[in-house]
Amino acid sequence: MMKVLFVGDVVGEPGRLTLYRALPELKSEYSIDAVVVNGENAAGGRGITPAIAHDFFINGVDVITLGDHVWDQAELAARIDELPTVLRPYNHQSNTPGCGSCVIATPAGSLGVLCLQGRTFMKTGVENPFSCAESAVESLRLTSGAQAIVVDFHAETTSEKIAMGRFLDGKVSAVLGTHTHVQTNDACLLPGGTAYLTDAGMCGPLDSVIGRSVEPVVNSFVTCMPRKFPVASWPTRLSGAVISIDETTGKALEITPLNRIYEK
């Protein structure tokens with residue numbers, strides 16, 4: 001059996017420090033073979049830098065997935081080709097730097113990871129994630145020999161995420177949604193053997209509006225005026241899931257949502 005830990009969007013320094021603290025205990029508790037983390041908001045709440053990606057890796061992360069904030073930190077674009085396990089969305093334009101998928105070796109076999117970005121209420125300029133998913137999954141299995149495949153679908157709407165889960169059911173081991181930062185209560189095994197969760201949640205400040213300080217966000221909604229939204233502080237919540245996979249069939253056996261609170 002292969003066990004994969006997936007952690008939702010890491011938000012700012014509080015989220016990073018929480019991740020680094022939590023990983024050793026989670027890996028030990030669940031006998032984790034691979035760790036996949038969405039680093040979309042790791043650098044001050046917007047994007048990730050190569051230096052932060054390096055910190056993720058030395059603290060036990062195996063693959064970092066991103067999303068619509070992938071290029072918010074300018075230095076990443078210049079170096080992402082040097083970071084094959086930092087994944088920008090696969091369905092970006094073909095001339096975009098970086099990779100959207102990878103295969104890593106784990107103690108339980110080879111794991112493919114695919115990062116996709118939705119299009120509904122999201123930034124334009126990305127290819128159809130459904131047609132891209134189909135070709136990417138085929139390549140991961142047939143060309144790269146992935147025994148299991150985990151998909152991070154970074155999308156806004158529940159309907160688009162659920163549709164992706166159903167579309168890939170039986171073709172991948174898990175489809176996990178990110179981007180909205182609030183864990184949904186629908187973790188399940190789909191009929192074809194794919195583990196599914198509409199949104200994994202976030203790893204970031206608990207007393208916040210999806211990781212940002214409450215007062216300026218509320219004020220912006222009340223006044224309809226722009227405000228800066230700084231990352232909030234402690235305590236934090238780590239949200240994600242552990243997926244147990246039969247590495248011989250690639251089908252999921254169990255999905256266990258995670259929600260843990262951490263004090264500074």
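Predicted model: local features only at pLDDT ≥ 70, side-chain atom pairs only at ≥ 80, totals over all residues.

The partner of D199 is K161, and their side chains form a salt bridge with an N to O distance of 2.8 Å. This pair connects distant parts of the chain, since K161 sits in helix α5 while D199 sits in the loop between β11 (195-197) and β12 (202-205), 38 residues apart. K161 is buried too, at 2% relative accessible area.

In total, seven salt bridges are counted. Another joins E134 to K171, with the closest N and O atoms 3.9 Å apart. E134 belongs to helix α4 (residues 129-143) and K171 to the loop between α5 (158-168) and β9 (174-178), so this bridge ties together parts 37 residues apart in sequence. Here the residues are partly exposed: E134 at 44% and K171 at 32%.

Next, look at E215 and R227, whose side chains meet at 3.5 Å, N to O. E215 is in helix α6 and R227 in the loop between α6 and β13 (236-246). Salt bridges also link E25, E29 and R260 in a network.

Helix α6 (residues 214-223) also holds V222, which is exposed at 64% relative accessibility. Together with V214 and V218, V222 makes a nonpolar surface patch of about 240 Å².

What about disulfides? The count is zero. The cysteine sulfur nearest to that of C99 belongs to C102, 8.2 Å away, whereas a disulfide needs the sulfur atoms within 2.5 Å. C99 is partly exposed at 38%, and C102 is buried at 10%.

Definitions and conventions:
Residues numbered from 1 in each chain as written. Heavy atoms only, no water. Patch = residues over 30% accessible without salt bridge, like charges linked within 9 Å, V, L, I, M, F, W, Y side chains within 5 Å. Areas by Shrake-Rupley, 256 points an atom, 1.4 Å probe, with all protein chains shown as cover. Salt bridge = Lys/Arg side-chain N within 4 Å of Asp/Glu carboxyl O. Helix = DSSP H or I, 4+ residues; strand = E, 2+ residues; numbered from the N terminus. Buried < 20%, exposed > 50% of the residue type's maximum accessible area, 1.4 Å probe, protein only.
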